[in-house]
Amino acid sequence: MIKNSLYKLIIFSILSSFLSILPLPILNAQIIDNEQAHSSIKWKQINSPDFQLIFPIEFQSSALLLAEQIDSMLIRTSQDLKVKPKKISIILQSNHIEQNGFAQLAPRKVEAFTTPGPASDNTEWLPNLVIHELRHVAQFDKLTGRIQGPFLQQLALAFYGLHLPAWYFEGDAVSIETQYSNGGRGRSSSWMMPYRTNQLSNKKYNLDKNILGSFKDNTAGYYLTGYLLNTYLTNHYGYGIHEEIMRDIRAHLWRPFNLNYALKKTTGLRINKLYKLSQKQLDSTWSSWSNSSISAEAKADKNRFPTDYFLPQTTTAGTLFYLKQSPQTTPALIRKINEKEEKLVNIGFQLTPYYQVKNKFIVWDEIRKDGRFGKQTYNIIQLYNIETGKIQSLSKKSRLYSPILNEKEDKVYSIQVDKNNRSSLIYIDVKSKKIVNLIDFPVNIFIQQPNLNSENNKIIAIAMSGKGTNLIEIDLLNLSWNLLFDWSNFEFNRPIYHKDRIIYKANYEKIDNIFEYNREQKTIHRLTDASFGAFYPSVNGDENLLYNDYQYNGYKVNSIGLDQDNKPVFKPNLSSLKLIDEQLKEFNPPLSRGKDKAYEVTNYNSLSHLFNFHSLSISANNFENFDNYKPSIYWLSNDLLNTTQLKLGYEYDLEMEKSNYSAEISYNKFFPKFTLKYLNRGQIGQAKVGNSNQIIGFDFRENVYSFDMQIPISIYRGNLLYSYGLSFGTSYQQRYDLSISTLRNFNYEFSFPLNYLVYFNRNTRRSQLDLIPKWGQNINFTYRHVPFEDAADGQMFVLKSNFYFPGIFHNHGFQARFSYQSSTGRYEGMYEIPLVSGFSSFNAGKFNNTLLLNYRFPIAYPDWAISSIAYIKRFHGYFFADYQDIQRKTMAPVSFGIGLSADFNLFRYILPDFGIGTKFSYINHPSAKGKIVPSFSFNYSY
């Protein structure tokens, strides 16, 4: 469940020891998530000896229920590692609807996004999430517990990330989340499906490809691969093997390739051998599950890249619709007529693929976010008129999921989840957009994926609670409901009505299939016999069932006849919920809610952790770049809600041989972000002696006080991403200790120069294979002046623009960057606009604008593993032509050339994604020192 947040922090040792010494001109990254919750939230807390639970006031009753389980969670997630975790702060973000969470050091905390989403699951969301994240806490403390504290959390996290690769620590956490629940991903056949499908489809990828991914193929990923490897270890070496491995790693924290050596010592296996043995065992197990052949429809798909055709549906006219998604394109609703596809509309970000079509309307849900506060998100309802092509939003700032159409009454039904995780059934009046609440379900029952019957008087949906999963039928006439089955932990998906029966997906067997429930006879019948998995059923007329048939190259469209007669009765098979590691179910019983403690709820103020010092660091910017790196040490403090950061630092400038001291505070709780900084630094300068040409050097020190305010806004609307905002800054400089006291015209003081920035960016959403957006408009204005200075006046105006256009072929793109600046006084001779390639290789003279053009294109997706050192995913290139002072009306660029780049991963680390490139510039200028100038670049990103 933890995704990128932890990996953005665990690479410090690699970066500090390796990247900082590279003599490369371009080296940058963004590694810290700086998003905040909304400033209006009132926070509460529960404090116990072993944990602190921090949550919004609206989530109080649910937080109390969770608190009753955390003590036992802490024990169960750490007992096999023989460690007692230190007290941990757990922050519950109930205003953030994305389903995720993370555990981290620097500062030490867990964050959990509490809202259950519309995706089907087999167990209660929040307890399962917290168990997973607390396993990471146990891993932290087992491996690095002795070196944490107010100085070394960043170092501890670095050791953790260096020695435990993502496949190991995430696979281990998935195993724990499965052991201590009746569900969990280890009991989900659909979660296992990609790995099994590839293996049985003769797409047997190596370890690097399965954990690091691919642009051109569907792979299992590091969570699933790691889980399978971890359970193999448990199966063959017992529960104690993980503690033995981590104990050996902890005893040799300075040993390179530590996990490999620890595995060899404790099991006799290295990682590659472990992977091969695991594959062999799984092949033997999985090949016996089904002998069904791959469907003809799936084999007929000629797309170069895996392509999904989610949720196939038809209207009464028989037209086929689906939600199409592939690495080449962003998700789009497609209408297929006479074997020809027609794209209707690109849709925005979704928590899970979903839409519904009825006659002339299509309805779906999309994520929205607050423009300023990234942890304040919403789910809204969109309605598309097929005849007019118009889209209207039926809700704003809502928490509505899985809408369904009732065209006869101009209603859209939906599930609403409040900030305390209570589900309600509502409907929206399409004309007035008024939301009417129909039923509030008990707080312990969460409702998912509703569907309306043809008479518009009943709804079938999925119910989930601490008892497990079920199907629930809702009577719209008397607003009552009843459960169809006994509670279990089967994973249901998209139930629908067909006449007087109910059709749905379930994992009753070891492969997901479509089933039919006869309510009168209370019998279940299996409708599909999928090779790997069948999903998303819909009825085409009364005689055919459309569904998604999963294959190695994506979710394909398939259909079967709906013969109502002669179907054998099916008995659900509880053994399908057994784990791959059969021992795990006996390790401990599932968590139960204990009520032997009374927890006190008190107010929580983020200022209580204002001085929360956690780490000494050698980077002032959290390793976002290493440009002009100087030896330094900084003491870092972050409050738990990510609103305040303090940095106290020392830096030594090797070139000037000067010591610099700084203190900085950033406060980001409210709509603007504020930064105050104090810097005491040594500087050097040069001056002429009298009227002669003799130059003498001098040095001095200065105090610099600066203030910056930013208002950054970012939103998404369908397929478009917007970011805009402004910033304002000023400073005060006071110079002293001038080494030449007789120096004339030396300014001892600079009072409050003002800087303004305004920007607007509008870009289309990129597909997985897009190198740049297909369309984009980005404009940036900067203005600087010194209104309070008489001796050192001046001003600067800068315009930067960047435009994107589609290329000739898929995933190609054209980029044009025009920039202009005008400067006077103290800003004369300073350039803030992008410079042409090869700028340092010729005498550019004075200029005020540049135009940089390039055309980018992918070359190949090799998925090459170079031992365990590097894994190359993609080669791509570009042509460029750079112009300077275009008012001279010359068609010849100042420089032009070609570039080649490669995207790769190092040492089997999931993140960062590295890029290395070379560029050859032809300098088309008479003052050029050499006509062809090579250059190299190295970068990393997340």
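1. Rings of Phe, Tyr and Trp (its six-membered ring) count as a pair if their centres lie within 6.5 Å, with planes under 30 degrees apart called stacked, over 60 edge-to-face and the rest tilted. Elsewhere, ring pairs link F485, F490, F492, Y504, Y508, F515, Y517 and F570 into a cluster.

2. A word on what you are looking at. This is a predicted model, in which local features need pLDDT of at least 70 and side-chain atom pairs count only at pLDDT 80 or more, while totals for chains, interfaces and linings use all residues. Residues are numbered from 1 along each chain as its sequence is written, and side-chain values use heavy atoms, with hydrogens and water left out.

3. Where does helix 7 sit? Helix 7 covers residues 189-200, and eleven of its twelve residues are buried, so it is largely enclosed by the rest of the structure. (Helices, H or I with at least four residues, and strands, E with at least two, are DSSP runs numbered from the N terminus.) The buried residues include W191, M192, M193, Y195 and R196. Just after helix 7, N202 takes a positive phi of about 60°.

4. Next, please look at the open sheet of four strands with the order 18-19-20-21 and antiparallel pairing. Strand 18 (446-452) and strand 21 (480-483) stand at the edges, each with a single partner strand, so one side of each is left without a neighbour in the sheet. The twist averages 25° from one strand to the next; the axes behind such angles are lines fitted to C-alpha atoms, for helices over the stretch in contact, and angles run from 0 to 180 degrees between N-to-C directions. Strand 20 (residues 468-475) pairs with strand 21 in the antiparallel sense over four bridges, where pairing requires that DSSP finds at least two bridges between the strands. In this pairing D475 stands opposite S480 in strand 21.

5. Another open sheet of four strands has the order 22-23-24-25, again with antiparallel pairing. Its edges are strand 22 (493-498) and strand 25 (523-526), each with a single partner strand, so one side of each has no neighbour in the sheet. Neighbouring strands here are turned by 25° against each other on average, direction ignored. Strand 22 and strand 23 (residues 501-506) run antiparallel and are joined by four bridges, with Y497 opposite I502 in strand 23.

6. L616 lies in strand 30 (residues 613-617), a strand that is mostly covered, with four of its five residues buried. L616 itself is partly exposed, with a relative accessible area of 35%. Strand 30 pairs in the antiparallel sense with strand 31 (residues 632-638) over four bridges, and L616 stands opposite W635 in strand 31. L616 also belongs to a nonpolar surface patch with F151, L152, L155, I633, Y650 and Y661, which together have about 570 Å² of accessible area. Patches are made of residues with over 30% relative accessible area and no salt bridge, like charges being joined within 9 Å and nonpolar side chains (Val, Leu, Ile, Met, Phe, Trp, Tyr) within 5 Å. A salt bridge here is a side-chain nitrogen of Lys or Arg within 4 Å of a carboxyl oxygen of Asp or Glu, and accessible areas come from the Shrake-Rupley method with a 1.4 Å probe, where for residues only the protein chains shown count as cover.

7. Finally, some backbone details deserve a look. Most residues other than glycine have a negative phi, and most peptide bonds are trans. A cis peptide bond joins A106 and P107, with omega about -5°, and A106 has a positive phi near 65°. A106 is found in the loop between strand 4 and strand 5, and is buried at 10% relative accessible area. The peptide bond from L911 to P912 is cis too, with omega near 5°; P912 is in the loop between strand 44 (895-906) and strand 45 (913-923). Is N338 buried or exposed? At 71% relative accessibility, N338 counts as exposed, and its phi is positive, near 55°. N338 is found in the loop between strand 8 (329-337) and strand 9 (340-346).

Definitions and conventions. Buried < 20%, exposed > 50% of the residue type's maximum accessible area, 1.4 Å probe, protein only.
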